[in-house]
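Visitor: Please take a close look at one part of this structure, the aromatic cluster and what surrounds it, and then go on to the salt bridges.

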Amino acid sequence: MTFQWTAVATFLYGEIGVILVLCLPFISPLRWQKIFMIPLWSKMAVFWNKMFLTIIVLLIVLFLDAIREVRKYSAVHVTEKAANVNTNAFDHIQMKLFRSQRNLYISGFSLFLWLVLRRTVTLLTQLAKGMTSHAALETQVNDATEAARKYMAENERLQEALSEKEGSKKKESAEATDEKLKKEIEHLKAELQKTSDALKKANNEVTAVKKQSEGLKREYDHLMKEYEWLQ
């Protein structure tokens with residue numbers, strides 16, 4: 001095996017190893033996001049697109065070269081077999097054909113797994129972002145619910161205070177107090193309505209993020225099934 005095909009085979013084995021590591025179930029997408037945020041990876045991300053395109057071009061060139069070799073030696077193999085020439089020459093041509101076919105498979109699978117690897121990293125990143133947004137929205141919903149409960153308790157307390165003031169002997173003082181309490185109740189109702197709207201909006205956002213997370217999970221499972229089928 002020449003140097004270039006040895007390098008391609010090594011690259012293929014490396015791709016398989018990286019994909020297997022990315023598919024480990026006990027490493028969550030959030031953990032992978034933290035790993036991707038390491039300063040070393042951040043510096044490499046600047047050149048990631050250029051490196052990805054460069055490797056794609058190299059693999060395509062090698063794949064096309066392997067196809068050319070397979071077609072070349074396949075034609076020679078058929079010709080030599082029909083001509084019934086020397087056995088050693090026929091075996092040599094058959095060996096060349098086998099090597100060209102092997103190189104075709106190596107370059108083809110390397111190209112395919114390189115695309116799968118990029119897509120897997122992208123899906124893991126998107127899933128981690130979705131999980132982070134979901135956690136943040138849940139925190140906001142919990143805070144909004146707690147604030148709504150607080151306002152409702154305050155409203156009940158003011159209503160009780162209003163009922164007590166209605167039975168007061170001092171009518172003028174009671175009316176002034178009632179007016180003040182009514183204003184406070186109206187203010188609290190407005191705040192409660194505002195909080196309810198915020199809670200509804202947060203619930204809608206949580207639902208949207210859950211749907212997005214489920215879509216990303218289904219696409220990730222689809223890629224896993226394709227990878228298992230390739231194996």
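Guide: What follows starts with the aromatic rings, moves to the nonpolar core and ends with the salt bridges.

The model is predicted, so local features need pLDDT of at least 70 and side-chain atom pairs count only at pLDDT 80 or more, while totals for chains, interfaces and linings use all residues. Residues are numbered from 1 along each chain as its sequence is written, and side-chain values use heavy atoms, with hydrogens and water left out.

The structure holds 2 aromatic pairs. Rings of Phe, Tyr and Trp (for Trp, the six-membered ring) pair if their centres lie within 6.5 Å; planes under 30 degrees apart count as stacked, over 60 as edge-to-face and the rest as tilted. The pair of Phe11 and Trp114 is tilted, because the ring planes stand at 55°, with the centres 5.3 Å apart. Phe11 belongs to helix α1 and Trp114 to helix α5, so this pair ties together parts that are 103 residues apart in sequence. Helices here are DSSP runs (H or I, at least four residues), numbered from the N terminus.

The pair of Phe52 and Trp114 is stacked, because the planes stand at 20°, with the ring centres 5.7 Å apart. Phe52 lies in helix α4 and Trp114 in helix α5, so the pair ties together parts that are 62 residues apart in sequence.

Buried means under 20% relative accessible area, exposed over 50%, and partly exposed in between (1.4 Å probe, protein chains only). Trp114 counts as buried at 6% relative accessibility, and Phe52 counts as buried at 10%. Phe11, at 25%, counts as partly exposed.

In the largest nonpolar core, which has 25 residues, Ile19 and Trp114 touch the most other members. α1 (3–22), α4 (48–83) and α5 (87–166) each supply at least two residues of this core, and the largest share, 8 residues, comes from α5. A nonpolar core is a set of buried Ala, Val, Leu, Ile, Met, Phe, Trp, Tyr and Cys residues joined through side-chain atoms within 4.5 Å.

Next come the salt bridges, of which the structure holds 3. Each is a side-chain nitrogen of Lys or Arg within 4 Å of a carboxyl oxygen of Asp or Glu. In helix α4, Asp65 and Arg68 lie 3 residues apart, about one turn of the helix, and their side chains meet in a salt bridge (2.9 Å, N to O). Arg68 also forms a salt bridge with Glu69, the closest N and O atoms being 2.7 Å apart. Asp65, Arg68 and Glu69 are therefore linked in a network of salt bridges. Asp65 is partly exposed at 24%, as is Arg68 at 44%, whereas Glu69 counts as buried at 17%.

The remaining bridge joins Glu154 and Arg157, with the closest N and O atoms 2.2 Å apart. Both residues lie in helix α5, 3 residues apart, about one turn of the helix. Glu154 counts as partly exposed at 29%, and so does Arg157 at 44%.
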